[in-house]
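Me: I would like to work through one part of this model slowly, with a question at each step. Could you take me through it?

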Amino acid sequence: MSSIADNIVFVTRRIQKATADAGRPAGSVTLLAVSKTRPAEDIRAAYEAGLTHFGENYLQEALDKQARLTDLPLVWHFIGPIQSNKTRAIAEHFDWVHSVDREKIARRLSEQRPVHLPPLNICLQVNIDNEPTKAGVAPDDLHALANVVKDMPHLRLRGLMCIPEPKANEADAEATFRRMAHLKDALNASLDLNLDTLSMGMSGDIEPAIRAGATLVRVGTALFGPRAPKPQETA
Ligand SMILES: *Cc1c(COP(=O)(O)O)cnc(C)c1O
């Protein structure tokens, strides 16, 4: 079994190669380590091997780990589904939220963001394949949502995030990611924004995401190994 440090070297090489192959500047893609279901010790090991950005999906699990890692200067990203009764803790304990897909959640995050902290960085999650049961704002409704979120005082709208449906091949995956890049460019043009973030690409599709313009890839299993199912998923 390979170590987390070895995996980080391997994934970092994949990112560097894809970035260079795409003719993009070195360092223009951030590796976000998705540490859901992993113990705090794994996050510490990944930090010691050079990572600072960590993504979590489950609030209570994230808060427990954060409490054990307060000695490290980590950047915390919330990437899971958000219920309204969880917004306060998310606004208080995270630097980024990637999974905002409705106005009500954005408004609560802004109102509940402590004023002594910098604005909360926000990505709008887009249901890029228009899947019926999937989280995310429909592409057709994205402009209206961005138009209200951009003016919320304690948020900083940074960009877009997606979790596409699995694609048959890399070319199809890349085409989907390119639609995300077009949506971002269109928002920048029509709303006069400077969105600088495309959060897309996971362990299996880092390369097509980077070719299409990803600035942040969210990688779990390629860094930490396969996840055990969560208890509530085994029933
Ligand atoms: C779990 C998860 C990831 C990481 O997926 P891997 O395939 O393990 O790399 C990325 N993004 C989100 C939103 C996730 O929930």
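Predicted model: local features only at pLDDT ≥ 70, side-chain atom pairs only at ≥ 80, totals over all residues.

Me: Which residue's side chain makes a polar contact with the side chain of Glu131?

Reply: Glu131 is found in the loop between β5 and α6. If residues up to four places away in sequence are left aside, Glu131 touches Ile163, Pro164 and Glu165. The polar contact between side chains, at 2.7 Å, is made with Lys134.

Me: How many of the residues of strand β5 are buried?

Reply: Strand β5 covers residues 120-126 and is mostly covered. Leu120, Ile122, Leu124 and Val126 point one way from the strand, while Asn121, Cys123 and Gln125 point the other way, and all are buried. The count of buried residues in β5 is therefore seven of seven, taking buried as under 20% relative accessible area.

Me: Which residue stands opposite Ile122 of β5?

Reply: Strand β4, residues 96-100, pairs with β5 in the parallel sense over three bridges. Together with helix α5, residues 103-112, these two strands make a right-handed β-α-β unit. The residue that stands opposite Ile122 is Val97.

Me: In β6, what is the bridge partner of Leu124?

Reply: Strand β6, residues 155-162, runs parallel to β5 and is joined to β5 by seven bridges. The chain crosses from β5 to β6 through helix α6, residues 142-149, in a right-handed β-α-β crossover. Within β6, the bridge partner of Leu124 is Leu160.

Conventions: Residues numbered from 1 in each chain as written. Heavy atoms only, no water. Buried < 20%, exposed > 50% of the residue type's maximum accessible area, 1.4 Å probe, protein only. Helix = DSSP H or I, 4+ residues; strand = E, 2+ residues; numbered from the N terminus. Pairing = 2+ DSSP bridges. Right-handed = clockwise from strand over helix to strand, strands pointing away. Polar contact = N/O pair within 3.5 Å; in protein donor to acceptor, adjacent residues only side chain to side chain. Contact = heavy atoms within 4.5 Å.
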